[in-house]
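Biologist: I am new to this one. Could you show me how to read it, feature by feature?

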Amino acid sequence: MIHKTEAEVAMMKEAALLVSKTLTEVAKMLKPGTTTLQVDKLCADFVKDHKAIPSFYQYRGYPFHICASVNDVVVHGFPNNTALKEGDIVSIDMGVILNGWHGDHAYTFIIGEVAPEVLQLVKITKESLYKGIEKAIVNNRVGDIAFAIQEHTERKHGYGVVRELVGHGLGRELHEDPQVPNYGKRGTGAKLKENLVLAIEPMINLGSKDVFTDEDGWTVRTRDGKPSVHFEHDVCVKRNKALILSDYSIIEAAEKANPDLNTSYY
Ligand code: MF3
Ligand code: CO
């Protein structure tokens, strides 16, 4: 595992914040009728205008700059020409390389009115991310993060925790050690040391945990067709309290100011 210096953490914060700023622009533009290809273009342009590189593009052949995962799509959804509509939920996941350092985070937006159970799924998934982050402190283990997320979502609310995809270390590479599952046992796995940077990313299904990959080789969907929610933060392990490098507050402010987005759950 690669532990960063304070100067490197500061640079990673810049990268993470650029993703947050990009997702803030997304929060301003989303409305019924927006297509995820329009979102892809906005994100790619915004990142390039800020002297950074959209990191997902051509990563293992991935053909877009963002992942746009609508409703039953768990993650890695391809942006397309379908208009978003009232009642959709969409996770926008974006990665950048800024001055050689990766930022990688995601936020799920709700377009207009959705079923109460979907609103609750969004709320609980976001909460579970923070429950996991609380455990990202020195001398805890990866399993403590994993357990906290699974506890809040699966055991407390009966949701499906996706097993096939996990969070990860982040740094000069998009995916570094360790893997950070959203399920596991307390007190197991790698021990966390100061300045390990992690992308923690619960992927939580309203129904069963089972997923499959489309014939496009990327799009991951729930088997039962029920919705799935994805939130992701970049986090630096510290002694008493994890340092969150990305920033939801600017995204949330823009989301609250957009009448077409549903923020009634927080
Ligand atoms: N947040 C996702 C991950 O950590 C996004 C990767 S999408 C890809 O794996 F296109 F870059 F693969
Ligand atoms: Co990630």
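Modeller: Start with the ligand: ligand 1 sits in the largest pocket. A pocket, on a 1 Å grid over the protein atoms alone, is an open set of points where a 1.4 Å probe fits, with protein on both sides within 12 Å along at least five of seven lines. A molecule sits in a pocket if more than half of its atoms lie within 2 Å of its grid points. This is a predicted model: local features need pLDDT of at least 70, side-chain atom pairs count only at pLDDT 80 or more, and totals for chains, interfaces and linings use all residues. Residues are numbered from 1 along each chain as its sequence is written, chains are lettered from A and ligands numbered from 1 in the order written, and side-chain values use heavy atoms, without hydrogens and water.

Biologist: How many residues surround ligand 1?

Modeller: Near means that a heavy atom of the residue lies within 4 Å. Here 13 residues surround ligand 1, and Tyr-62, Asp-93, His-168, His-175 and Glu-201 are the closest. The shell has six nonpolar, three polar and four charged residues.

Biologist: Which atom of ligand 1 is 2.7 Å from the side chain of Asp-93?

Modeller: Look for polar contacts, pairs of N or O atoms within 3.5 Å. A nitrogen atom of ligand 1 is 2.7 Å from a side-chain N or O atom of Asp-93. A nitrogen atom of the ligand also lies 3.1 Å from a polar side-chain atom of Asp-104. For His-175, the ligand atom is an oxygen, at 2.8 Å from a side-chain N or O atom. Of the 330 Å² that ligand 1 exposes when taken alone, the protein buries 94%. Those areas use the Shrake-Rupley method with a 1.4 Å probe.

Biologist: In what order do the five strands of the open sheet run?

Modeller: Strands of a sheet pair through backbone hydrogen bonds, parallel or antiparallel. Strands are DSSP runs (E, at least two residues), numbered from the N terminus, and two pair if DSSP finds at least two bridges between them. The order is S8-S7-S9-S14-S15, with antiparallel pairing. Strands S8 (176-180) and S15 (243-244) are at the edges with a single partner strand each, so one side of each has no neighbour in the sheet. Two bridges join S14 (residues 233-236) to S15. Cys-236 has Leu-243 as its bridge partner in S15.

Biologist: Which peptide bond is cis, with omega about 0°?

Modeller: Most peptide bonds are trans. The bond joining Asp-177 and Pro-178 is cis. Pro-178 belongs to strand S8.

Note on methods
Polar contact = N/O pair within 3.5 Å; in protein donor to acceptor, adjacent residues only side chain to side chain. 1 Å grid on protein atoms, 1.4 Å probe; cavity = no way out; pocket = protein on both sides within 12 Å on 5 of 7 lines; lining within 4 Å. Nonpolar A, V, L, I, M, F, W, Y, C, P; charged D, E, K, R; others polar. Helix = DSSP H or I, 4+ residues; strand = E, 2+ residues; numbered from the N terminus.
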